[in-house]
Amino acid sequence: MTQLLIGARAPYKCILICNCYTIIFAGDLIVTDASTASILILANDDAFGVFSFGDPLTQEVEEGSTVFYNIIRNRGNVGSVRVYWELRVTDGSAPLTPGEDFPTNGGFTDFSPQENQQPLAITPLADRLPEIAETFQLVLTRVEVTSGGSPDGNLVSLSTSNLVATVLVLASDDPNGRMAFNAESRELTVAEDFLPENEASTRATFTVERRQGTRNDIQVLWEIFSDKVGGDLPSVLDLLFSGQWESSMTDVINKRRPGTMTPVALFSGAQDQYVTVSPEDIPTLTNKIDGFSVSAWVQPFPECDGYMIAYTTPDAATHYLSLRLTATTSASSFVLRLSSDTQ
């Protein structure tokens with residue numbers, strides 16, 4: 001029997017099976033019924049795919065919400081493939097306990113023939129327990145072909161990179177506590193005047209409770225309002241209280257307003273003299289359809305010129321909200337700027 005060898009370059013294109021026939025006619029050769037041969041080209045070059053996570057590899061999610069990670073199928077897309085995944089602790093050393101932080105600690109995602117991408121949904125449990133932000137690893141662990149052939153070798157595989165994604169579950173259920181007056185401190189009576197040796201009658205002690213979470217050291221801002229306010233108080237944001245102060249800043253305690261514990265900042269005009277408000281504490285101006293007010297107690301120095309508050313784009317080209325103070329030895333002026341642009 002004569003062996004017929006046909007050579008071909010190994011292309012990058014993935015081929016599953018090719019059946020073809022070669023008929024030979026030459027010279028005085030007598031053609032019989034057995035004059036054809038079949039050539040079977042086996043699946044090759046990752047025909048069933050190489051799998052990995054697509055961008056972004058790190059995402060944030062709240063408890064009870066769902067975030068989607070993309071599993072990408074590169075190279076070939078022949079046949080049906082199952083990709084297995086697992087949720088692990090931060091260092092990736094061990095899988096999580098099912099039902100503790102997530103409904104399950106692992107599973108699989110199926111790819112049909114010709115599918116190149118599938119979303120993987122991750123939903124942290126809403127357990128109503130006060131917790132700080134936690135980080136977990138989402139890992140692709142293995143792949144297997146479920147239909148379309150029984151390939152051998154490296155016809156389906158995990159990629160050498162982007163096999164680990166990060167799930168950042170945000171702090172939830174007030175891990176630092178929920179503050180409120182206790183029942184005995186809701187309404188107290190105090191005397192305006194007192195008889196000799198009855199000074200204690202002019203003092204009242206209110207007890208503040210820290211409910212739910214108890215993490216970290218916290219401060220509670222309080223203020224005395226007149227009974228003329230009545231009803232529910234408006235939403236009040238003390239930006240000096242909630243903001244992050246530069247290390248060079250000082251709180252001038254003896255300048256505090258009577259009846260409050262709000263801090264008083266001293267701004268010298270140096271470049272590092274400012275307070276930054278984090279994004280979660282910035283009021284959303286587009287929702288203030290009924291109006292809002294800005295209140296501040298200021299003791300300006302002569303020849304003062306600067307912004308008391310400025311909420312702008314990073315390049316300061318657009319001022320969503322800013323209040324500028326200019327003071328001389330004889331007068332002070334304020335300029336309020338409010339943009340109609342959507343923030």
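Which residue lies over the face of phenylalanine 108? Arginine 82 does, at 4.0 Å from the ring centre. This is a predicted model, in which local features need pLDDT of at least 70, side-chain atom pairs count only at pLDDT 80 or more, and totals for chains, interfaces and linings use all residues. Residues are numbered from 1 along each chain as its sequence is written, and side-chain values use heavy atoms, with hydrogens and water left out.

**Rings and charges**

- A charge sits over a ring if NZ of Lys or CZ of Arg is within 6 Å of the ring centre and within 35 degrees of the ring normal.
- Besides arginine 82 over phenylalanine 108, arginine 142 has its charged end over the ring of tyrosine 84, 3.8 Å from the centre.
- There are 6 aromatic pairs in the structure; rings of Phe, Tyr and Trp (its six-membered ring) pair if their centres lie within 6.5 Å, and planes under 30 degrees apart count as stacked, over 60 as edge-to-face and the rest as tilted.
- Tyrosine 311 and tyrosine 320 form a tilted pair, because their ring planes stand at 55 degrees, with the centres 5.3 Å apart.
- Tyrosine 320 is buried at 14% relative accessibility, while tyrosine 311 is partly exposed at 22% (buried means under 20% relative accessible area, exposed over 50%, partly exposed in between, with a 1.4 Å probe and protein chains only).

**A buried aspartate**

- Aspartate 46 belongs to the loop between strand 2 (36-40) and strand 3 (49-53); strands (E, at least two residues) and helices (H or I, at least four) are DSSP runs, numbered from the N terminus.
- The relative accessible area of aspartate 46 is 17%, so the residue counts as buried.
- Its side chain makes a polar contact with the side chain of arginine 75 at 3.3 Å (a pair of N or O atoms within 3.5 Å; within protein, one must be able to donate a hydrogen and the other to accept it, and residues adjacent in sequence count only if both atoms are side-chain atoms).

**Backbone exceptions**

- Most residues other than glycine have a negative phi, and most peptide bonds are trans.
- The bond from aspartate 55 to proline 56 is cis, with omega near 0 degrees, and proline 56 lies in the loop between strand 3 and strand 4 (58-61).
- Arginine 128 has a positive phi, near 60 degrees, in the loop between strand 8 (117-122) and strand 9 (134-147), and is exposed at 73% relative accessible area.
- Asparagine 216 has a phi near 65 degrees and is exposed at 54%.
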